[in-house]
Amino acid sequence: MALQVMDHTTKQLMNTNFDNISQLLIDSEKMTESEIVLDSVKILIVEDDPSISRHLEYMLKNFGHQVFGIVSSGEQLLITIAEEVPDLILMDIELGDQMDGICAARKMKCNYDIPFIYLSAKTDEKTLKRAQVSRPSSYLTKPINPTELKFAIELAIYKHHINNAILLQKKWYKTAITSIGDGILAINSQSLITFANPTAKRKLLTSDNELIGKPFFSIFNLFNSEKIKSIVKPFDIVVQKGMSVHLSNYQIINNNTGFSIPIDCTISPIKDQKNLVCGCMLVFRNISQRLKNEIEKQHLETQLRHSQKMEAIGQLAGQVAHEFNNIITGISSYTELAISQLSSDDATLGYNNVILKKLDQATLLTRKLLSFSRKQDLQFEKINLNKIISSHLLFLQQLLNNEIEIKTKLSNEVECINGDINAIEQILTNLCLNARDALNDYGTIEITTEHIINLPKNVRNYISSAESYIQITVRDNGIGMDSEVCERIFDPFFTTKTADNGTGLGLSIVYGLVKQHKGWISCKSQPGVGTVFRLIFPATNV
C-alpha cells in the first residue's frame with residue numbers, strides 16, 4: 001500500500017537532516033560507498049503487534065538484512081541493547097505500556113548512538129512534534145510500504161555512517177587546532193574575532209570573553225618589528241584578492257595591556273560555499289625563543305672570531321718575541337763585551353750603559369709578549385684564590401691613592417684551583433691598575449669570588465671541563481667603555497691612553513695568563529656606569 005498523504009509538518013519530519021545529505025557526502029572526504037556496508041544490516045524490531053512484527057521480519061529478510069530481535073516494549077528495548085547494540089531500530093510509537101516508543105527513544109539516546117525509524121499510524125501534529133524532538137532517521141506511517149521501508153533503511157544507515165565520519169573529522173580538526181603550538185584567530189568580514197584556539201589565548205594572555213565578538217583592531221595591533229610601522233588594515237590583500245599573506249618578524253600588541261610578542265604569521269582567506277571571502281584566518285607563531293637563539297648564535301660567533309683572532313695574534317706575538325729576544329741577547333752580549341774593554345773614564349761608557357738599560361726594557365717587553373702568547377713558564381700548584389686575594393690586597397691598595405677604595409666579598413664555598421701564584425697576582429694587579437685609570441683617582445673597586453657549578457652557554461666551549469668552577473669578578477664604577485672599545489680591550493698594544501702612559505699590553509697579559517690557566521675572561525662595560533671583568537677558572541680537588 002502506498003504511503004499515505006501527509007501534511008507539511010509530517011514532510012518536514014521525514015526530511016529532517018536529509019536536506020544537506022549530498023553536501024555531507026562531499027564534505028566527508030574519506031567516506032566512500034565501499035566503507036558503508038548495506039548488504040546485511042542488523043535490525044531490531046520494537047513492535048507490540050505480533051502480525052506487524054512478522055510482516056516486518058519477512059520484508060527485512062527479503063531485503064537481505066538480519067533481524068537482530070523482536071521486542072514488544074520500551075523496557076525490553078533498553079535491556080536488549082544493553083547486551084548487544086544493533087545497527088538500526090524500527091520503533092513503533094504506540095507500544096501500549098507506560099513507556100511509548102518516543103520515551104524509549106529518548107532514554108536510548110542518552111547512552112547509545114543507534115539510528116532508528118519511527119513506525120506509526122498516527123500523523124497528528126502533536127505526535128509528530130513529540131517525535132521530532134528525539135531526531136529519528138525517518139518516520140514511516142502504517143501500513144508500511146516495502147519500497148519506502150527499504151529506502152528509509154538505506155538512507156538511515158548511510159546518513160548515520162556519514163554523520164559519524166563527519167563527527168570524527170570534526171574531533172580530529174578540533175584536537176589538531178586545540179593542541180597545535182601555533183596561535184589561531186578567525187576573523188569575519190566585519191573584522192570581528194569569531195574564534196581563538198587555546199594557544200592564541202595563552203600566548204596573548206587573553207580569554208574568550210576578551211576576544212570573541214570583539215573587533216580585532218580594538219584589541220590588537222600589528223607592527224613591523226624593523227620599521228616599527230603599524231599596519232592599518234593587514235587583511236585588505238587577503239579579502240580583496242583572496243590570497244594568503246605571510247608576515248615575518250612582526251609584533252602583535254595588546255592595546256589594552258600593552259603586552260606584545262614577536263611573531264611570524266600567515267593570514268589566509270576563509271571562503272563560503274560560493275567561494276567568496278567571508279573572513280580571515282590568522283595563524284601566528286611566537287618567535288621570541290628563535291630571536292633569542294639568533295642573538296645567542298651571533299654572540300657565540302663573535303666570541304669564536306675573537307678567540308681565533310687572539311689565538312692568531314698570540315702565535316705571532318710569541319714568534320716575534322722569540323726572534324726579538326735573540327736579537328736583544330746578541331746586542332746585550334756585545335755591549336757588555338765593549339764595556340769590559342773600556343776604561344772608567346772613557347766618554348762612551350755612559351752611552352753603553354744607557355744601551356743596557358734600554359735592552360732591559362726591551363727584555364721586559366718580550367716577557368710581556370710571551371705572557372700574552374702563553375709561552376711563559378708558570379709553576380702550577382694547588383692554590384686558594386681567596387687567600388691570594390687577601391694577601392695581595394695590601395700591595396694593591398698601595399698602587400692606588402687614598403681616594404680609591406678596594407672592597408672584597410669572598411665566598412666561603414670557593415675551592416682551590418691549579419694555578420701559579422705570581423700569575424694570579426699579576427692578573428689582579430693589571431685589572432686593578434686598569435680600573436684605577438678608569439676611576440680618575442676616585443671611586444670603588446670591588447673584587448668578589450663565587451663558587452659555580454653550571455656554566456653559562458657562551459662559556460662552555462671556551463673553558464676546560466670540570467665538576468665546578470671559581471669565578472672572580474673585578475668591578476669598578478669608573479667612566480666605562482663603549483662596545484667598540486670592549487671588543488678590542490684584550491688586543492695587544494691596543495690602548496686608549498697616550499703613548500707615554502702605557503704599552504697596551506696590560507690586559508693582553510691578563511688574557512694570556514687566564515688562558516694558560518685553562519680559564520675564561522670577559523669584559524662588560526657601559527659609558528658612565530663602569531666596567532666588570534669576570535674570570536672563571538676550573539676548580540680542582542687534586
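Here is a short walk through a few features of this structure, which is a predicted model.

Let's begin on the surface. Four residues, F324, I327, I331 and I355, form a nonpolar patch there, and together they have about 330 Å² of accessible area. Which helix gives the most to this patch? The answer is helix α12, spanning residues 288–340, with 3 residues.

Next, let's turn to the backbone. Most peptide bonds are trans, and most residues other than glycine have a negative phi.

The peptide bond between K142 and P143 is cis, with omega at about -5°. You will find P143 in the loop that runs between β5 (138–141) and α7 (146–179).

Now move along to L205, which sits in the loop between α8 (198–203) and α9 (208–211). L205 is not a glycine, yet its phi is positive, near 55°. Is L205 buried or exposed? Its relative accessible area is 57%, so L205 counts as exposed.

Finally, find K518 in the loop between α18 (506–516) and β18 (520–526). K518 is another residue other than glycine with a positive phi, near 55°. Its relative accessibility is 54%, so K518 counts as exposed, since exposed means over 50%.

Key. Residues numbered from 1 in each chain as written. Predicted model: local features only at pLDDT ≥ 70, side-chain atom pairs only at ≥ 80, totals over all residues. Heavy atoms only, no water. Patch = residues over 30% accessible without salt bridge, like charges linked within 9 Å, V, L, I, M, F, W, Y side chains within 5 Å. Areas by Shrake-Rupley, 256 points an atom, 1.4 Å probe, with all protein chains shown as cover. Salt bridge = Lys/Arg side-chain N within 4 Å of Asp/Glu carboxyl O. Helix = DSSP H or I, 4+ residues; strand = E, 2+ residues; numbered from the N terminus. Buried < 20%, exposed > 50% of the residue type's maximum accessible area, 1.4 Å probe, protein only.
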